[in-house]
Amino acid sequence: MCKRATLLTLMFSLVLAIGASSANSQEKTLYERLGGYDGIAKVVDDFIGRLVADKQFEKFFIGQSTDSKKKIRNHVIEQFCVATGGPCVYTGRDMKTTHAGLGITEAEWNAGGNHLVAALDKYKVDEKSKAEVVAFVSTLKKDIVEK
């Protein structure tokens, strides 16, 4: 009887463990919740489009070739992909090096953040995912804002 009770307890524990493991594996990564690479690319394209169209950011894009703008786009996508748990590899420079000498202000940072949130809203990114993206981007502020 004791062996049977032990066996039943062991089987019950195994079923609970499998159920818990299954529930955890069903939670999607931020990368998946954003729609994978294609979803991130849509948000990034909209975000960069908003920055380029905003007069206060014009000075950062003047003189950039079409190829350079594509490279910036690809680096931003890679960075978001990696930060959200995707399979990408970031091939760009660190943020401090990339933004050194641009003189980006707190006001410009905030305006850029508003453009990012607007892009996330356009693609109906849920509040939890949006907060996670904003939290990641916020970690970059110390290396981007100079004034």
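Predicted model: local features only at pLDDT ≥ 70, side-chain atom pairs only at ≥ 80, totals over all residues.
Which residues have the most contacts inside the largest nonpolar core? They are Ile40, Val44, Phe80, Leu116 and Val133. The core has 31 residues.

**Overall fold**

The chain holds 9 helices and 0 strands. Along the sequence, the pattern reads α-α-α-α-α-α-α-α-α. Of the 147 residues, 31% are buried. Take the contacts with a separation of 6 or more: 76% of them join residues 24 or more positions apart.

**The core**

The largest nonpolar core counts 31 residues. Six helices, α2, α3, α4, α5, α7 and α8, each supply at least two residues of this core. The largest share comes from α3, with 7 residues.

Val133 is among the residues with the most contacts inside the core. What does Val133 touch, leaving aside neighbours within four places in sequence? Its partners are Leu30, Leu34, Phe80, Leu116 and Leu120.

**Helix α8**

Helix α8 spans residues 127-138. It has 12 residues. From first C-alpha to last, α8 reaches 16 Å, close to the 16 Å expected at 1.5 Å a residue.

Which residues of α8 are buried? They are Ser129, Lys130, Val133 and Val137. Seen down the helix axis, these buried residues fall within an arc of 100 degrees, so they line one face of α8. A general rule applies here. An α-helix has 3.6 residues a turn, so residues three or four places apart point the same way.

| Covering helix | Residues |
|---|---|
| α2 | 30-33 |
| α5 | 66-83 |
| α7 | 106-122 |
| α9 | 141-144 |

Of these, α2, α5 and α7 are also among the helices that each supply at least two residues of the core.

**The disulfide**

How many disulfides does a search of the whole structure find? It finds 1. The bond joins Cys81 to Cys88, with an S to S distance of 2.1 Å. Cys81 and Cys88 are both buried. The torsion about their S-S bond is about 80 degrees, so the disulfide is right-handed.

How values were computed
Residues numbered from 1 in each chain as written. Heavy atoms only, no water. Helix = DSSP H or I, 4+ residues; strand = E, 2+ residues; numbered from the N terminus. Expected span 1.5 Å × (residues − 1). Buried < 20%, exposed > 50% of the residue type's maximum accessible area, 1.4 Å probe, protein only. Arc of directions from axis to C-beta. Contact = heavy atoms within 4.5 Å. Core = buried A, V, L, I, M, F, W, Y, C linked by side-chain atoms within 4.5 Å. Disulfide = S-S within 2.5 Å.
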